[in-house]
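Please look over the sequence and the 3D structure shown below. The paragraphs after them lead through the model step by step.

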Amino acid sequence: MEITSVRASTYTVPADVPGEDDLDDTIVFVTVETDEGITGYGETGYLYPEATASFVNEQIAPLVTGQNPLETERVWDLLYRELNPRAQTGTWSTAVSAVDIALWDIKGKKYDEPVWRLLGGASETVPVYYTIGQAIRDEARLAEIVTDLVSDGAERIKIVVGKGEWATPRIDARRVTAVRDAIGDDVELAIDANYLYSVDEALELCNRLESVSLSWFEEPVYGNDASLLSDLRTRTRVPIAAGQNEGHRFRHRELIENGAVDISLPNVCFVGGYTEASKVAGMADAFNLRVAHGGGWPFQNMHLQAGVASGSIVEFHDIVWEVGKKIYESPPEPSGESISLPERPGLGITPDWDVLDEYENGSDRL
C-alpha cells in the first residue's frame with residue numbers, strides 16, 4: 001500500500017453553545033488517499049491553522065507520498081528527521097498530528113479494526129466529562145448551565161478560570177463555589193486556567209477553594225513552567241494536570257520527571273498523533289500517573305483513552321464538540337457518564353462533505 005495524496009484545508013465552523021453567541025472554531029482537516037482506495041482523515045485545531053495546512057501541503061505531502069501508510073512509526077520518524085531535526089514543536093507538531101491520525105485511520109480500515117483496539121484495546125467504554133469553554137462571569141447563568149448538564153446525566157464537569165479581563169482568584173473562587181453549590185457534592189468538578197495565572201494567583205485560588213472538592217486544576221500557570229507547577233503542586237492538595245498543548249514526548253517527560261503533574265494530558269491532535277501520544281502514555285504509566293484527555297477533539301482522543309491501560313477519561317468541550325457534531329455524519333455521542341467506542345474500522349467517523357464544503361476557507365481550496 002502507498003500514499004498517493006495528502007491534502008489539508010482549513011474550515012471555520014460556527015458553534016452554538018449555551019452562554020455565548022456568535023462563536024466559531026477554525027480547524028485543519030487532512031485527507032490522505034492510498035493506491036488501494038482507502039482514505040484516512042485527520043484533524044487538528046486552533047494553533048495557527050493556516051500555517052499548519054500550508055505545512056502539510058507544501059512540506060509533508062511531497063515527503064510522505066509513496067510511503068506505506070501502515071508503517072506509522074517509519075513515517076513519523078521520517079517526518080521528524082527530515083523536517084524537525086532540532087525538535088521544535090508548534091506548527092510541526094500540529095501538522096504531523098493530523099497526518100498521523102489519518103494514517104492510523106487508514107490502518108484501522110485496512111485491518112478492519114477500530115483505532116482504539118489497534119492501540120491496545122484496554123477498554124471499550126470510557127468515562128467522560130463536560131467542559132464549559134467560555135468565561136462566563138455571571139454566577140447564576142453559569143450555575144444554570146451546569147445544572148442543565150447534570151440534569152442530562154453529566155457526572156463530571158470542568159469550567160475555565162483565569163479567563164476574561166475581569167478574572168481574579170477572588171472572582172473565580174466565587175464562580176467555582178457557585179457551580180459546586182449548584183451541582184452538589186456527588187458531581188466531580190475540575191477547573192482550567194489555560195496557562196493564564198501566575199503561581200501566586202493559582203495558589204491563592206487553590207487556598208480560596210479549600211472547602212470545594214476539585215478533581216484537578218488544569219494548566220494553572222503561564223507557560224506550563226515545570227518548576228512553577230512543581231512548586232504549586234507541593235503547596236496545594238488540588239491535583240495538577242497539564243500537557244494538552246505540548247508537542248513531543250520530551251516536553252511531557254520534563255513535566256513528569258520534575259513532579260509537576262498528577263495527571264498527564266497528551267492530546268493526539270497536538271502532541272504528534274497516536275504514534276507520539278502512545279509514547280507519552282507509556283511514560284506516564286511508568287511513573288504511575290493517570291492519563292486523561294484535555295483540549296478538545298473527543299472523537300480522536302477517545303481512541304487513545306480507550307486504547308491504553310493508563311487512559312482514564314475523555315473531554316467533551318462544548319465548542320469543539322459542537323463543531324465535531326456538524327462536520328461528521330452521526331458521530332458517537334456520550335451517554336451521561338461515559339461513551340462507548342465505535343466498532344467501525346479506523347476512527348469510526350465519516351466526514352459530512354456538504355457541511356465541510358460550506359465552511360471551507362476559500363484561500364485553502366486546492
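The structure is a predicted model, in which local features need pLDDT of at least 70 and side-chain atom pairs count only at pLDDT 80 or more, while totals for chains, interfaces and linings use all residues. Residues are numbered from 1 along each chain as its sequence is written, and side-chain values use heavy atoms, with hydrogens and water left out.

The protein has 13 helices and 14 strands. Helices (H or I, at least four residues) and strands (E, at least two) are DSSP runs, numbered from the N terminus. Along the principal axes, the C-alpha atoms fill a box of roughly 60 × 40 × 40 Å. A compact globule of 366 residues would have a radius of gyration near 21 Å, and the value for the protein, 20 Å, agrees with this. That radius is taken over C-alpha atoms, and the globule rule is 2.2 Å times the number of residues to the power 0.38. Of the 366 residues, 59% count as buried. Buried means under 20% relative accessible area, exposed over 50%, and partly exposed in between (1.4 Å probe, protein chains only). Among contacts with a separation of 6 or more, 71% join residues 24 or more positions apart; a contact means heavy atoms within 4.5 Å.

Helix α2 covers residues 72-83. The expected span of a helix is 1.5 Å times one less than its number of residues. For the twelve residues of α2 this gives 16 Å, and the end C-alpha atoms are 16 Å apart, which agrees. Which residues of α2 are buried? They are T72, V75, W76, L78, L79 and Y80. The cover over these buried residues includes α1 (49-64), α3 (91-111), α9 (249-257) and α10 (273-286).

One of these covering helices, α3, contains S97. S97 is buried, with a relative accessible area of 0%. Leaving aside neighbours within four places in sequence, S97 is in contact with V268, C269, F270, V271, G272 and G273. The C-alpha atoms of S97 and E43 are separated by 7.6 Å, although the two residues are 54 residues apart along the chain.

The next topic is empty space. Rolling a probe the size of a water molecule over the atoms shows where such space is left. On a 1 Å grid over the protein atoms alone, a cavity is a set of points where a 1.4 Å probe fits but cannot get out, and a pocket is an open set with protein on both sides within 12 Å along at least five of seven lines; lining residues have an atom within 4 Å of a point. Grid points are joined across faces, edges and corners, and a volume is the space filled by probe spheres set on the points.

The largest pocket has a volume of about 440 Å³. Its lining holds 25 residues, of which Y46, G133, K163, N194 and H317 lie nearest its centre. β2 (20-34), β5, β11 (314-317) and α12 each supply at least two lining residues, and β2 gives the most, with four. The lining divides into eight nonpolar, nine polar and eight charged residues. Here Ala, Val, Leu, Ile, Met, Phe, Trp, Tyr, Cys and Pro count as nonpolar, Asp, Glu, Lys and Arg as charged, and the others, Gly among them, as polar.

The second largest pocket has a volume of about 360 Å³. Of the 21 residues that line this pocket, P18, Y130, L149, D152 and W321 lie nearest its centre. Two or more lining residues come from each of β1 (3-17), β4 (125-132), α5 (139-151) and α12. Ten of the lining residues are nonpolar, four polar and seven charged.

How many cavities of 30 Å³ or more are there? The count comes to two. The largest cavity, of about 50 Å³, is lined by Y129, R156, I157, E188, L189, A190, S215, W216 and I313.
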